[in-house]
Amino acid sequence: MSVRNIVGTCLLLSGMSHGQVQQPHPKPDVALVLERYAHGDFTAIDDAFTSDQRDKSFVEHFQSSANRWIEAAGSEDRGWRFRVVTTASVDLVGRAVAREFDRHGDAFRGVLESLCGRLRTQRPSEFEHLFHLAAMSLLQGADDEEQLIAMRYALRTIEPSAHILHGAERFPDDSRFKLAWIAMRHETVLIASEPLAPGYLLNMAGGRFEADGGATRSLDDTLAVLATLVDDPAVGAEARLRRGVLQFLMDRPTEATRDLDRLATSADTFVRYNARMILGAIATRADNLAAAQTHYRDALAAVPAQTAATALAATLVLLGRNADAAAVLATLIPTSPRDDPWFQYGQRDYRLFRGYLTRMREMIVRR
Amino acid sequence: MLSTIALVAQAQRFASYTDAVAVPVLVTSGGRPVTNLTIDDFALTDSGVPQTISALQGVDAPLDVSLVVQQTMFFNFRERDTFAREIRDVQKLLRPTDRLEIVSTSYGGQVLMPLGPPDRQVVIPVEPIQPCVTVYDALVHVLARQPVAQRQQIAVLFTEDEGAGGAVSATMALRVARRGSVAVSVLHLTPRWIGGTVTVTWGAQPRCAWTRTAWGKDSRDALRAISVIPDVVQQQQAFLVAQRERLNDLAHATGGHRLKPSVFGRSLVGAIKPLLDEARSRYILYYAPTGRSEPGWHPLEVSLRRPGRFDISARPGYER
């Protein structure tokens with residue numbers, strides 16, 4: 001027996017004597033999971049997805065088993081099974097992102113890329129469209145700029161594997177991909193209650209590089225690019241919101257107000273909430289506390305979230321209405337930051353992921 | 001006993017605490033608290049105008065203690081259980097008549113323990129690896145509370161910096177603090193390496209994302225590389241200093257203290273006990289302002305009529 005084997009055996013025995021030898025986790029029956037999922041039991045993914053199994057080997061097992069499940073079907077069902085696997089995979093990755101699982105990102109990222117590659121060999125479909133939107137929103141939630149725009153920091157280049165490009169090429173009429181590309185500019189996803197220095201807005205200190213091949217860009221250039229979408233029927237409200245917020249952060253309250261006033265009654269509660277929050281911040285800075293109160297109250301009415309309640313409470317204190325301020329905070333039902341539009345702002349389209357996944361599920365489920 | 005008598009004697013003269021300005025005052029002589037003062041020993045001016053002190057809460061008033069904590073500080077303890085043990089040690093310093101609350105600075109302020117009896121179990125939730133720190137939002141939860149008569153209200157903020165991305169600006173938070181009666185003390189934590197991952201507190205990048213999985217090895221490597229560039233380090237340091245100065249201003253305006261970070265890292269108790277001892281040695285003067293009703297900052301000055309050498313520490317003023 002070699003020295004290495006002796007040492008290894010000793011370590012093993014030592015571990016066993018202390019009960020530390022870890023038994024391999026049983027791999028889930030992926031075919032069963034997928035069958036349940038396909039028939040509307042979406043919790044099947046969770047049941048098979050324990051924290052200990054969220055590693056590369058689990059993902060590889062899932063993918064290989066899922067492929068076998070697809071191949072096992074008759075030819076008339078393979079297309080459907082592929083869509084089931086796609087949806088379940090997106091669901092799986094969604095759980096990883098939601099749980100802040102920051103290890104083995106390459107494995108989960110690989111799942112999306114693999115599915116993306118396969119879908120793009122087929123005729124474009126509404127299902128594929130939803131997949132690209134869902135996958136993009138997940139990558140945005142994971143802050144995975146590398147895969148979104150395939151920016152190689154060292155080389156300062158854009159790779160053809162940029163995921164946003166995949167969706168944009170297949171569905172060129174969907175302006176959400178255009179907005180997503182613009183939103184890769186760091187300054188379009190910042191939100192704060194007071195203006196910031198231009199250097200920080202551009203994140204020069206962070207060393208991030210421009211998405212347009214290295215050319216110097218200014219904040220005004222970003223405003224001009226956003227302007228190309230502010231009248232778009234699908235994403236115009238959000239583009240205008242991000243332009244208005246950026247102008248506020250650049251300490252241009254007049255221009256910001258011009259944009260945000262138009263959004264103050266938007267049917268999109270995400271847009272309305274954040275527009276009102278920034279309008280409230282503008283009013284506060286102008287010492288117009290009555291107007292600030294109105295804006296924060298409307299934000300709270302749009303979405304009963306904590307950031308509006310906190311801003312409103314602070315405003316009420318400044319108005320000498322401590323009892324009302326305390327009541328606002330006391331009666332607020334705690335909301336998850338996940339559901340707070342203020343905190344959703346920096347996550348680009350991640351807030352839309354649940355909707356995309358729901359629609360994908362509706363397209364594949366057989367009851 | 002003396003404090004109770006003093007309070008009873010004033011009750012008939014003083015109709016309402018809610019309209020009064022509360023001024024916590026520490027009086028020492030030779031470094032030791034003076035605890036036998038009466039209402040007639042004190043004199044107070046508001047914006048230079050002498051005021052009638054309507055009531056005096058003597059020393060040893062019950063405390064309302066608010067701990068406002070940056071949850072990434074768990075990593076300073078390496079594990080949450082250690083933090084929970086530290087909290088239990090703090091709870092042992094408090095009396096049954098005291099109240100304790102713990103608010104996290106994460107994501108707009110998360111109440112880990114609402115204000116109440118000190119002998120409760122604190123539950124530290126699992127937090128995202130890179131929570132969004134919003135110091136001023138969390139402080140508003142403490143500062144926006146209605147003033148409570150006959151209780152000393154102190155808050156201790158443990159934070160590296162202001163955080164980023166809150167709904168309440170530093171300017172607004174300072175104004176709110178100046179209107180209240182909570183003495184806020186600040187203990188500045190120092191940036192730490194967390195398990196080999198660089199923690200870079202840019203502060204001005206208010207991009208509080210709910211999920212920050214940051215999968216990309218490239219971006220982590222880039223961030224690590226950036227963090228050691230001299231210009232970047234210098235810029236970060238300058239920004240951190242500016243943020244800490246704003247926090248110190250808030251502490252000063254409320255009659256609180258800036259605590260030395262060297263104390264921390266060993267125990268919360270080491271940082272908090274002196275504050276509790278001082279708070280228990282403070283009087284609270286109550287008066288209904290007369291002669292000066294304009295909005296804005298009102299400087300206060302407290303003095304003693306009693307002969308002798310005394311050091312008086314009181315909040316510098318308030319805003320109305």
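Biologist: How many residues does helix 7 of chain A have, and how far does this helix reach from its first C-alpha to its last?

Modeller: Helices (H or I, at least four residues) and strands (E, at least two) are DSSP runs, numbered from the N terminus. Helix 7 of chain A, residues 126-141, has 16 residues and reaches 22 Å between its end C-alpha atoms, close to the 22 Å expected at 1.5 Å a residue. The expected span is 1.5 Å times one less than the number of residues. This is a predicted model, in which local features need pLDDT of at least 70 and side-chain atom pairs count only at pLDDT 80 or more, while totals for chains, interfaces and linings use all residues. Residues are numbered from 1 along each chain as its sequence is written, chains are lettered from A and ligands numbered from 1 in the order written, and side-chain values use heavy atoms, without hydrogens and water.

Biologist: How many residues of helix 7 of chain A are buried?

Modeller: Buried means under 20% relative accessible area, exposed over 50%, and partly exposed in between (1.4 Å probe, protein chains only). In helix 7 of chain A, 15 of the 16 residues are buried, so the helix is mostly covered. Just after this helix, A:Asp143 takes a positive phi of about 60°.

Biologist: Which residues have the most contacts inside the largest nonpolar core?

Modeller: In soluble globular proteins, nonpolar side chains tend to be buried together. A nonpolar core is a set of buried Ala, Val, Leu, Ile, Met, Phe, Trp, Tyr and Cys residues joined through side-chain atoms within 4.5 Å. The largest one here has 78 residues, and A:Leu241, A:Met277, B:Tyr136 and B:Leu139 have the most contacts inside it. Helix 15 of chain A, residues 269-285, gives this core its largest share, 10 residues. Apart from this core lies another, of 53 residues, which includes A:Val84, A:Phe127, A:Phe131 and A:Leu138.

Biologist: What is A:Leu241 in contact with, leaving aside neighbours within four places in sequence?

Modeller: Contact means heavy atoms within 4.5 Å. By that rule A:Leu241 meets A:Leu260, A:Leu263, A:Phe270, A:Val271, A:Asn274, A:Ala275 and A:Tyr345. Not counting residues up to four places away in sequence, B:Ala173 touches B:Tyr136, B:Leu143, B:Val168 and B:Leu250.

Biologist: What does the secondary structure of chain B come to?

Modeller: Chain B has 8 helices and 15 strands. Of its 320 residues, 57% count as buried. Among contacts in chain B between residues at least 6 apart in sequence, 80% join residues at least 24 apart.

Biologist: In what order do the strands of the open sheet in chain B stand?

Modeller: Two strands pair if DSSP finds at least two bridges between them. The open sheet of chain B has 6 strands in the order 8-7-6-9-10-11, with mixed pairing. Strand 8 and strand 11 (258-259) are the edges, each pairing on one side only. Strand 6 runs parallel to strand 9 (residues 152-159), with 7 bridges, and parallel to strand 7 (residues 99-104), with 6 bridges. B:Ser66 of strand 6 stands opposite B:Ala155 in strand 9 and B:Glu101 in strand 7. Strand 7 and strand 8 of chain B run antiparallel, joined by 4 bridges, and B:Val103 stands opposite B:Val111 in strand 8.

Biologist: Which residues of strand 6 of chain B point one way, and which the other?

Modeller: In a regular strand the side chains alternate between the two faces of the sheet. From strand 6 of chain B, B:Leu63, B:Val65, B:Leu67 and B:Val69 point one way, and B:Asp64, B:Ser66 and B:Val68 the other. All 7 of the 7 residues in this strand, 63-69, are buried.

Biologist: How many aromatic pairs does a search of the whole structure find?

Modeller: Rings of Phe, Tyr and Trp (its six-membered ring) pair if their centres lie within 6.5 Å; planes under 30 degrees apart count as stacked, over 60 as edge-to-face and the rest as tilted. The search finds 5 pairs over all chains. A:Phe343 and B:Tyr107 have ring centres 5.4 Å apart and planes at 85°, so this pair is edge-to-face. A:Phe343 belongs to helix 19 (residues 341-344) of chain A and B:Tyr107 to the loop between strand 7 and strand 8 (110-116) of chain B, so the pair joins two chains. Both residues are buried. B:Phe42 and B:Tyr283 are also edge-to-face, at 5.3 Å centre to centre and 65° between the planes. They sit in strand 3 (residues 42-46) and strand 12 (residues 283-287) of chain B, 241 residues apart.
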